[in-house]
Amino acid sequence: MENSEGVKIESTVVTEEPLISALDIALFVVIITVAYFWYFKRDKQSSSSEKKPYTIQPSSLSSIEQTSNSSFIKKLKSTGRSLVVFYGSQTGTAEEFAGRIAKEGARYKMKGMVADPEECDMADLVEMKEIQKSLAIFCIATYGEGDPTDNAMDFYEWLQNGDADLEGLNYAVFGLGNKTYEHYNEIAIYIDQRLEELGATRVHEIGLGDDDANIEDDFVSWKEKLWESVCSHYGIEETGEESNIRQYKLVDCSEVLPERIFSGEISRLKSYENQRFPFDVKNPYLSKIAVNRELHKSGDRSCMHIEFDIDGSKMRYDAGDHVAVYPKNSSELVDKIGELLNADLDAVFSLLNTDEESSKKHPFPCPCTYRTALTYYLDITSNPRTHIMKELIEYASDPKDQEKLKLMASSTPEGKKEFHEWILRDNRNIVHILEDLPSVKPDLDHLCELLPRLQCRYYSISSSPKVYPKSIHITAVLVNYTTSTNRVNKGVATNLLAQLIPTNDELPQPTIPIYIRRSQFRLPPKSQTPIIMIGPGTGLAPFRGFIQERDYARKEGREIGEMVLYFGCRKKDEDFIYENGLQEYVANGTLTKLHLAFSRDQPEKKYVTHLLEQNADELWNIIGEKSGHLYVCGDARSMAKDVHSIIVKVVMEKGQMTNSQALNYVKKMEQQKRYSADVWS
């Protein structure tokens with residue numbers, strides 16, 4: 001006969017068997033043996049982990065070792081410090097400011113340390129009162145639509161949800177924001193107020209830095225008054241000693257084996273040779289450039305359509321997300337620094353933190369060559385801040401160069417004016433400064449310590465994963481401009497991307513490191529919901545993905561709501577990007593209406609904001625009567641503000657509301673994610 005799986009079974013005569021067979025005994029022995037080894041192996045691993053207290057554990061675990069390492073209070077007490085400066089940073093500026101404050105604490109007999117709130121148990125703030133004359137300072141950036149930075153998210157939520165007694169905690173807050181955004185310094189303002197609500201004592205009023213103006217000037221002005229308040233609060237005096245003490249010491253690594261030397265990786269050594277999922281800010285994916293084509297039809301400007309190949313990476317994105325691109329500096333600028341300082345750029349070195357308690361051992365991946373540091377890790381094209389001017393003074397052999405640097409490093413009105421005109425207005429970077437002040441010859445390792453980290457660049461994704469699951473598209477304008485000193489400054493990322501042209505032969509395709517940053521800029525959950533999209537220039541990018549997504553749904557037979565797009569550019573025959581594709585979407589019914597504004601095709605300038613005002617009835621019909629969604633993408637400084645004003649005006653007039661009622665209506669739209677902005681300044 002056969003069993004249920006078709007296996008033939010022979011017929012046998014049933015005989016009486018003993019209660020415990022040889023097979024039963026064998027199985028019992030096996031079980032006992034496995035249990036024995038499992039128990040003692042676990043015990044051995046436990047003992048081993050106790051011998052290695054600094055083994056990295058998953059963040060979800062709350063081990064004794066983690067608690068010990070995350071206790072900034074213990075570090076303060078064990079090293080005799082009384083000042084801790086926390087930073088919430090997305091681009092590195094807040095971290096830089098925190099380091100400068102901690103360093104200056106020595107002038108006031110307050111030994112300081114810098115701390116990342118993500119790596120600390122912030123509940124320990126309740127114990128700050130146990131340290132005599134202690135002070136906690138928070139340098140906090142507001143990011144996105146009024147959000148905390150990634151590394152400050154847990155701290156922000158702890159403040160929101162907790163009710164710790166912070167009586168005895170002395171604090172001060174400096175915020176980093178941008179006035180062109182609606183939620184200007186919202187996180188810093190909240191933290192400042194919340195700390196006071198929990199019983200902490202504000203030593204100095206909050207400082208609000210505006211990156212749209214001169215955040216360096218805002219910070220320096222606030223910092224000077226901060227120390228005055230600190231002296232008054234604690235009854236101390238400035239020592240008068242300038243603290244140009246190096247934070248990192250130079251280590252010669254000429255004997256380090258080549259396989260132990262970083263060559264541009266963001267965090268993990270050889271990460272580009274051995275790619276491992278998941279990919280994120282510290283572990284980007286080395287993507288091939290699949291497509292790189294010009295979108296402008298004519299003119300002297302360039303706009304690129306670029307497609308990153310993510311096939312096989314397991315990376316997933318949604319329409320509206322951003323892709324981060326890790327750039328590198330031009331070899332021309334890097335070589336120029338080597339020439340100006342007569343330095344061997346191929347020497348292998350490391351910078352080691354002189355503070356042994358600091359969790360940040362190196363300012364960037366070390367060891368590496370100077371060429372690698374200047375190419376991949378350091379920002380050599382932005383305007384240096386005043387503290388760099390101050391540090392360069394000692395390297396100037398010409399008295400005139402010394403005086404100029406001293407003036408720009410000072411906080412006098414004359415000094416601020418000189419810094420603004422010579423550095424900011426003339427757009428000088430560190431290369432220009434070394435060229436124009438030829439007697440200034442800083443040690444290259446010190447310069448590497450002073451320069452900020454080169455940051456990734458974010459681009460709105462201009463594709464839908466439903467249509468392009470194996471690639472990510474971006475739309476990027478090439479940045480090139482001539483300064484008042486007749487120098488040509490070039491955008492770091494876009495000029496690199498412009499060179500990465502895929503080939504049709506067997507040669508390796510160009511690559512660049514990327515990762516996906518999630519966004520709240522999302523289509524409505526229901527495909528029937530009507531939407532209005534306002535995106536002049538490259539502001540069209542995320543809406544290209546939105547339209548593709550709705551077109552995909554329509555082709556699947558699903559009902560889609562009205563899609564109205566407002567697009568503007570200079571000239572129809574010059575920079576009307578994706579024109580053919582947009583016209584096809586209009587023809588097949590996916591795009592209900594396409595409102596176009598070509599600002600320079602007629603004597604009077606015409607912008608998308610003019611069209612919005614003209615189409616007030618259509619606007620109110622969708623966002624008022626049909627509860628549709630409205631999206632804005634592009635320039636925050638003028639366009640997005642003008643759009644907001646027009647929306648409020650339309651709601652007032654067509655919705656028959658007062659100004660305050662209209663403002664509340666628009667505010668509620670924002671809270672409900674019916675009014676979303678993806679803007680930049």
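Student: In this predicted model, what is the handedness of the crossing in which α5 passes α6?

Tutor: α5 passes α6 in a left-handed crossing, a term used when the near helix is turned anticlockwise from the far one by less than a right angle. The axes of α5, residues 153–161, and α6, residues 186–197, cross at roughly 45°, and they come within 11 Å of each other.

Student: What makes α21 and α22 oblique to each other?

Tutor: Helix α21, residues 639–654, packs against helix α22, residues 659–671, at an angle of about 120°, and their axes are 9 Å apart. The perpendicular range ends at 115 and the antiparallel one begins over 145, so an angle of about 120° falls between them and the pair is oblique. As for handedness, α21 passes α22 in a right-handed crossing.

Student: How do you know that the second largest pocket lies between domain 2 and domain 4?

Tutor: Domain 2 (275–327 + 456–519) and domain 4 (531–679) both give residues to its lining, so the pocket lies between them. The second largest pocket is lined by 18 residues, and its volume is about 330 Å³. The elements giving two or more residues to this lining are β9 (285–294), α16 (541–555) and α18 (579–587), with the largest share, six residues, coming from α18. Nearest the centre of the pocket lie Y578, E579, N580, G581 and L582.

Student: How do the residues of that lining divide into nonpolar, polar and charged?

Tutor: The lining of the second largest pocket has eight nonpolar, three polar and seven charged residues.

Student: How do you know which kind of peptide bond runs from F277 to P278?

Tutor: Its omega is near 5°, and the bond is cis; P278 has its place in the loop between β8 (248–252) and β9. A cis peptide bond also joins C366 and P367, with omega about 0°, and P367 is in the loop between β12 (348–353) and β13 (368–369).

Student: What makes the phi of K133 worth a mention?

Tutor: Most residues other than glycine have a negative phi. K133 is a residue other than glycine, yet its phi is near 50°, a positive value; K133 sits in the loop between β2 (112–115) and β3 (135–143).

Technical notes
Residues numbered from 1 in each chain as written. Predicted model: local features only at pLDDT ≥ 70, side-chain atom pairs only at ≥ 80, totals over all residues. Heavy atoms only, no water. 1 Å grid on protein atoms, 1.4 Å probe; cavity = no way out; pocket = protein on both sides within 12 Å on 5 of 7 lines; lining within 4 Å. Points joined across faces, edges and corners; volume = space filled by probe spheres on them. Helix = DSSP H or I, 4+ residues; strand = E, 2+ residues; numbered from the N terminus. Nonpolar A, V, L, I, M, F, W, Y, C, P; charged D, E, K, R; others polar. Domains from an automatic or database assignment. Axes fitted to C-alpha atoms, helices over the stretch in contact; angles between N-to-C directions. Parallel < 35°, antiparallel > 145°, perpendicular 65-115°, else oblique.
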